[in-house]
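Please go through the local features of this model.

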Amino acid sequence: VGSVRWVQETDMIPMPVRWRDCEVRGWRPETREGATFTTISISKRDTGYVEERAYLFGGLSRDLHSKIVYLIFDITKNCYVWMLQHLGDPKKKRYGHTAVEYENKLVIIGGAKMYSKEAKRRECLNDIQIFNPISEEWSEIIPEGKHFEPRRFHSACIVGRQLVVYGGINSQQDYLSDLLSLNLGKASDKSNSLGNVYRWTSVATKGDEPGKLAYHSCQFILNQERYRGSGQISLTYLPEIRGFRPKIEVEGMYVFGGRDEKGPNNKLRVLRIGMKPCEWVELGIDGPAPLARYGHSMTFIPQKSIIIVFGGRNDNNFSVEGQPYLNDVWILSLEKLGWHQWIPEDKKIIPVPRYSHCGALLGTSVVIFGGLSDANYCRADVHSIDMENSTMAAFLGKNLRKLSTKLFDPLKKKGGEDDKVVFENFAKKSENPLAGLARRQSVKAMPEIVKKSEPSNQLFDNKN
């Protein structure tokens with residue numbers, strides 16, 4: 001089994017983050033479970049100002065939701081503000097779906113409908129809906145050939161131009177283990193005069209596959225310098241950059257937690273890309289690690305090269321804490337690959353334990369909304385995890401694990417030969433731990449709004 005093991009440092013220091021009970025002025029959406037929070041940067045054409053929005057879509061409370069609402073931080077009033085952009089389409093109501101940003105559009109995949117008493121099950125979906133925040137129009141991708149199985153509580157991310165979907169639960173309550181991709185950029189059949197032809201394909205992999213999994217979370221993690229290289233990033237290709245010393249040692253699709261028929265887990269797996277086939281590895285980090293969980297949130301903060309995991313559920317925790325819901329915060333350094341639990345001093349503003357909530361990065365804060373706790377819906381408040389830059393450098397510099405020289409167990413090939421997995425050990429680190437990944441602020445020019453009288457299934461810009 002391919003596994004990576006890291007060594008722990010013992011000198012721990014306090015975590016430089018804090019909870020903030022956010023002020024929200026004006027209207028606010030109804031609380032819910034199983035919704036998505038997706039950050040999209042919108043360029044104002046009249047002023048050139050880039051507004052960062054966290055789009056909330058779907059979810060379940062008294063009913064399923066389909067309205068398009070987003071959260072912004074109003075710097076003039078020093079508070080958060082909810083905005084209702086679109087009344088939505090009742091046919092698009094769902095929960096347990098995934099949503100990603102691609103070319104400044106909201107891409108929504110799968111999910112589930114309301115429970116049917118007649119069918120005695122919750123019907124799952126496998127459609128791909130697109131919302132354009134500029135034109136405020138909906139469109140749909142209808143792939144040709146074999147569709148992927150309808151599902152809910154799966155994971156999805158964007159790798160270059162490829163939409164990657166993993167796992168989930170189908171309408172028969174079966175856990176799924178397939179890994180699929182859909183090219184959103186380049187048409188696979190130019191003979192179609194109407195535009196793109198989209199097709200789902202299975203992703204070839206080697207290594208220790210996670211297997212059947214749902215209620216997990218994933219993030220695509222890449223050194224931002226890669227985007228300056230030549231060629232298009234994909235599952236099988238990563239641009240090489242001369243003189244490039246990566247801060248993030250292991251790049252790819254990070255998958256954490258989730259559950260299967262046996263219960264929850266706390267495994268951290270990475271689908272390494274830039275090779276054919278892609279490779280699954282399990283990162284085994286010595287020392288403390290988060291409790292096994294599912295229905296948690298996992299947010300990537302590229303400015304600091306860290307991942308923040310919050311909340312979730314572990315039914316085995318009931319005998320210890322008296323409830324299965326969690327409200328702990330764990331931080332994973334991507335530079336040194338070490339976990340650290342943050343235990344805040346001020347207990348009064350810690351959000352109540354929850355799962356099936358949603359989280360997003362807005363600026364340098366992780367915003368949390370909704371979820372379930374103790375069989376009740378959480379209040380429609382906004383909570384944020386703020387990071388203090390003054391002490392973050394010391395934390396990243398002293399608190400986390402160093403790379404071990406004995407890294408890997410052998411992988412067995414089908415032919416029976418041992419194949420040692422080899423990663424490059426970039427020993428030299430940046431002198432400034434905060435000289436990490438600067439988030440890309442450049443926003444692609446939005447295409448001209450397509451008139452409603454001019455139908456087209458060309459949903460995204462095709463370049464090259």
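E103 counts as buried, because its relative accessibility is 10%. Buried means under 20% relative accessible area, exposed over 50%, and partly exposed in between (1.4 Å probe, protein chains only). This is a predicted model: local features need pLDDT of at least 70, side-chain atom pairs count only at pLDDT 80 or more, and totals for chains, interfaces and linings use all residues. Residues are numbered from 1 along each chain as its sequence is written, and side-chain values use heavy atoms, with hydrogens and water left out.

E103 sits in the loop between β8 (98-102) and β9 (105-116). Strands (E, at least two residues) are DSSP runs, numbered from the N terminus. N104 lies in the loop between β8 and β9. Phi of E103 is positive, near 50°, and E103 is not a glycine. N104 is not a glycine either, yet its phi is positive at about 60°.

Here are the accessibility values.

| Residue | Relative accessibility | Class |
|---|---|---|
| E103 | 10% | buried |
| N104 | 6% | buried |
| S217 | 9% | buried |

S217 belongs to strand β17 (residues 217-221). Its side chain makes a polar contact with the side chain of H296, at 2.8 Å. A polar contact is a pair of N or O atoms within 3.5 Å; within protein, one must be able to donate a hydrogen and the other to accept it, and residues adjacent in sequence count only if both atoms are side-chain atoms. Leaving aside residues up to four places away in sequence, S217 touches Y254, V255, F256, H296 and M298. Contact means heavy atoms within 4.5 Å.

Now the backbone at P277. A cis peptide bond joins K276 and P277, with omega about 0°. P277 is in the loop between β21 (268-272) and β22 (278-285).

Methods
Helices (H or I, at least four residues) and strands (E, at least two) are DSSP runs, numbered from the N terminus.
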